[in-house]
Amino acid sequence: MHTRMDVSILASATGPTDKSLRVTRKKLYPKQAWYCIGLFIFIIAIFQWISFFHSKFARRRQTSNKDGTEHASVHRRHGFSWRRIPLGLANAYRVVAFRWTLEFGKSYTLNMAEVFVTMAYIVFLFVWAFVNTTDLEGHALNIKYWCNRSGILAASQFPLITALGTKNNMVSLITGISYDKASLLNYVHRMMSRVVFVLLWVHTGGEVIINAPFQPYEPWLICGITAMVALTILCVVSLRPIRAQAYELFFYVHFTMVLTFLVCAYFHTQNDAITYWIYPCFIIWGLDRLIRVLGLVVFNHSYFGFKSGSTMDATAELLSDDFVRLRFHRPSHFHWTPGQSVYLIMPSVSCLPFEAHPFTIASLDSSLFDVLEEPKPQSEKYTQISPAERDLGSSAPFWKELVFFIKVRKGFTARLKEAALKGGKVKVLVDGPYGPSPNLGSYDTSVLIADGSGVSYTLPMLLHIIEGVRNGKSSCGRVVFVWSIRNAGNRGSNVTHPFSDYIHWIDKVLIRALRLAAPSLSISIHIHVTGEPATIEALPFSYGPNNDAQPVRDGSRSGIAEFQDRKESILAIESVKLANGRPNLPAMLKDEVEMATGRMSVSVCGSHGTARSVRGALRFPVSSPLSVANGGPSVTLHVESFNYA
């Protein structure tokens, strides 16, 4: 006992004291934590940009070497090659990191990359909070060492959490990973918030043990309590079940509680002079809002007095009892890529004037539609298409406008349905575009899988591939388009509408796209009816006044029909298959992998069950290093989720 006292006295006289060590470490360790996080982001950025440039400049196969048959993308495999081992290892990494998953019930999945990032962050943050907490007298885990340090360490994470929650942020710029409701960055934003929430409660518990009872209640204490209450409410409301079922409630509570938390945290940290971890959050948030406001003015300029705003009003059409199609024009300088989404602001539909909701763009930013203006040979195989027909055709919006398929649920979408029933125009402002856009131009084979309104994600990708091959900008030789719908014909619906047939949502645009497809591109379309059994005979092949039109085959194309009457159904094309029941995705993907070589992409937008099935189908042994080394395809998987989580 006397020895410990002597050591303590000696330390205070000739070296650091407990207080000086606590003060030094609680300010130094958060900075060291940031150095480590910055290094991790830098490493991720290096790999992301290498992958991007590899995909961008990957050697494309010469179209002259293709045999022009329907399965032009199927090449002879040349057996095992040591040169393909690195590619096989990269493929194995994708399987382990993104296709091996932990399942929580029927609706929640974490891939191994998310599990690794979560566990690493938890261990990292709590090790930094509790390391070197032995005082000079030898007492381990001294509460005065870790209490304030845990709070400051948590506060140091606020700028990064704020940045990850914004649409325009430096992390996306550095790593090339775009903000998106289904992206890793969005998951990391939520995960970090919850880990920091726990760490702040550790700090709060330490303060209670050290300072209770609190008399009097000083401003720093009141602000701290208010901040913790706000963060607790926010974390509860942001849980997946609440967020999915009551998104508007989450939207309002999130904004209010975050603002309350940051303001109170700022005044609470003034006591320790560490507000430099708090005020950057306001700068980051304000900069993001400024960029978004400028984007709103630039891309919606007609609503801000530059010209008549009515030119940008949207047309809301009720396709069925539970789906609305929204379409409208935007200026020529507004551009997007397939798979991206935008936030739509509709003051007349929303509860608040600037309430924004994310939706995937179902149309293509392209001049592909204008190709039809090229002169055609005057023969019996072609019928002149007048500009009037072209402009009035239901496929025109998919090239000329922004188009959205919106599932009717509660709240905002229910009010949008009411607006569609009333008819007329709806004022809409566009914020975006946002989100990742897979670069499918360098893939030899692409498989596109969608459920219901998920076709908003896969349809523009199909159109983009067709255009890219036609223009010589894509090496794709085969594309498979799989669409699962509940009913082929929605005859039980109370809605009397020419688009009440689910298939007819997109059949005209598909017909026009298939007419423009290059002979070297093999296209296979599979439509699966998961509800009432359907047969081709039971569905109308024409929904116009002329029922006498017949498909005319152009000998230069394989399996693609040319039509004399533009009102023909997609079902008249023999490369389009209609089937009852859910698609056998594992068998379908296995067959495609066995036929393909080179690079293969699989893009899916659908239910959790569909995404789970696709991930399972593309694990070992179907997509294994040995398969790649033996000449099989290197498979990349892109998954887009229906949910906001």
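Q: Which residues of H11 are buried in this predicted model?
A: Let's take buried to mean under 20% relative accessible area. By that cut-off, the buried residues of H11 are Tyr247, Glu248, Phe250, Val253, Met257, Phe261, Leu262, Cys264, Ala265 and Thr269.

Q: How far apart are the end C-alpha atoms of H11, and what span should its 23 residues have?
A: Helix H11 covers residues 247-269. At 1.5 Å a residue, its 23 residues should span 33 Å.

Q: At what angle do the axes of H11 and H12 cross, and which residues make the contact?
A: Helix H12 takes in residues 279-299, and its axis comes within 9 Å of the axis of H11, crossing at roughly 145 degrees. By class, this contact has no polar and no charged residues, but 9 nonpolar ones. From H12 come Tyr279, Cys281, Phe282 and Trp285, and from H11 come Phe255, Leu259, Leu262, Val263 and Tyr266.

Q: Which strands does H12 lie across, and at what angle does H12 run to S9?
A: Strand S9 (429-434) is an edge strand, pairing on one side only. H12 lies across S5 and S9, and runs to S9 at about 115 degrees.

Q: What is the order of the strands in the open sheet?
A: The edge strands are S6 (356-360) and S9. The sheet has 3 strands with antiparallel pairing, and their order is S6-S5-S9.

Q: Which residue in S6 is the bridge partner of Leu344?
A: Strand S5 spans residues 341-345 and pairs with S6 over 5 bridges in the antiparallel sense. Within S6, the partner of Leu344 is His357.

Terms used. Residues are numbered from 1 along each chain as its sequence is written. This is a predicted model: local features need pLDDT of at least 70, side-chain atom pairs count only at pLDDT 80 or more; totals for chains, interfaces and linings use all residues. Side-chain values use heavy atoms; hydrogens and water are left out. Axes are lines fitted to C-alpha atoms, for helices over the stretch in contact, and angles run from 0 to 180 degrees between N-to-C directions. Helices (H or I, at least four residues) and strands (E, at least two) are DSSP runs, numbered from the N terminus. Contact means heavy atoms within 4.5 Å. Ala, Val, Leu, Ile, Met, Phe, Trp, Tyr, Cys and Pro count as nonpolar, Asp, Glu, Lys and Arg as charged, and the others, Gly among them, as polar. The expected span of a helix is 1.5 Å times one less than its number of residues. Buried means under 20% relative accessible area, exposed over 50%, partly exposed in between (1.4 Å probe, protein chains only). Two strands pair if DSSP finds at least two bridges between them.
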